[in-house]
Amino acid sequence: MEAILHEIYNGILNGESKTVEAKVQVALDNKMNPKEILDQGMVNAMAEVGHRYEIGEFYVPEMLISARAMLVGMGILKSHLKDANIAPAGKVAIGTVKGDLHDIGKNLVSMMLEGGGFEILDLGSDVMPEKIVAVVKEFSPDIVALSALLTTTMPNMKVTIEALKVANLRDKVKVIIGGAPVTEVYTQQIGADGYAPDASRAVKLAKDLIGKR
């Protein structure tokens, strides 16, 4: 059984979607615990992907390829996790703010978070503050993750946070932000709960914030 988990792990590291798909199915056919497959085969692999990115061994293309392989495996595993009543690490609503159509970075963060065991509500790009408020009301995510790639759209991060305050929802959800022009200083200025400079650190940030809830 350890060998199968190792093959899933290596398949994700190497971005081999077909290998991951086949080995996840083999693991399930052998009655392996879905949580064990997720944690030891997939989450650990994505953590290693993030580590290799941080030390300069992986770049964005490698992260994307690994994340896509992970998503293939997750597609098979999801229903089994649900059937076994295995709760995700947390729920994250993620989107690019109003006026900003860029979504590559947001998509990578979304995939890395899912690889970290989070349930993802992907709201897409050009997301109105009102939509964020509605999603928080309806789905009660633990975290709202906002992305902006333009300095002209960054202010809509603050607008979104203010909208959550007006709706009396700000204390019910953590807000994290990211994107090329975003900084730690800006995070503090607008009252967000955290900032991640890249996708791998977004996963660590989300887990840290969930732990504080």
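Predicted model: local features only at pLDDT ≥ 70, side-chain atom pairs only at ≥ 80, totals over all residues.
**View A. Helix α2 and its buried face.** Welcome to helix α2, which runs through residues 17–29 and has 13 residues. From its first C-alpha to its last, α2 reaches 18 Å, close to the 18 Å expected at 1.5 Å a residue. Look for Val20, Val24, Ala27 and Leu28, the buried residues of α2. Seen down the helix axis, these buried residues fall within an arc of 95 degrees, so they line one face of α2. Their cover includes α1 (2–13), α3 (34–54) and α4 (60–83). On the face turned away from the buried side you can find the exposed residues Lys18 and Asp29.

**View B. Lys31, in the loop after α2.** Lys31 follows α2 and sits in the loop between α2 and α3. The phi angle of Lys31 is near 60 degrees, a positive value in a residue other than glycine. With a relative accessibility of 74%, Lys31 counts as exposed.

View C. Is Ser66 buried or exposed? Its relative accessible area is 1%, so Ser66 is buried. This residue lies in helix α4. Leaving out residues up to four places away in sequence, Ser66 touches Ile12, Leu13, Gly15, Met46, Val49 and Phe58.

View E. Lys106 forms a salt bridge with Asp122, with 2.8 Å between the closest N and O atoms. Lys106 belongs to helix α5 (residues 104–115) and Asp122 to strand β2 (residues 119–122), so the pair ties together parts that are 16 residues apart in sequence. Lys106 is buried, with a relative accessible area of 4%, whereas Asp122 counts as partly exposed at 40% relative accessibility.

**View F. The salt bridge of Arg201 and Asp198.** In this view the side chains of Arg201 and Asp198 meet in a salt bridge, at 2.4 Å from N to O. Arg201 counts as partly exposed, at 39% relative accessibility. Asp198 is buried, at 10% relative accessibility.

View G. Start with Met154, which you will find in the loop between β3 (143–147) and α7 (155–166). At 9% relative accessibility, Met154 is buried. Beyond its neighbours within four places in sequence, Met154 is in contact with Ala148, Pro181, Val182 and Tyr186. Now turn to Asn168, in the loop between α7 and β4 (174–178). Asn168 is exposed, with a relative accessible area of 60%, and its phi is near 60 degrees, a positive value in a residue other than glycine. Met154 and Asn168 are 14 residues apart along the chain, and 22 Å separates their C-alpha atoms.

How values were computed. Residues numbered from 1 in each chain as written. Heavy atoms only, no water. Helix = DSSP H or I, 4+ residues; strand = E, 2+ residues; numbered from the N terminus. Buried < 20%, exposed > 50% of the residue type's maximum accessible area, 1.4 Å probe, protein only. Contact = heavy atoms within 4.5 Å. Expected span 1.5 Å × (residues − 1). Arc of directions from axis to C-beta. Salt bridge = Lys/Arg side-chain N within 4 Å of Asp/Glu carboxyl O.
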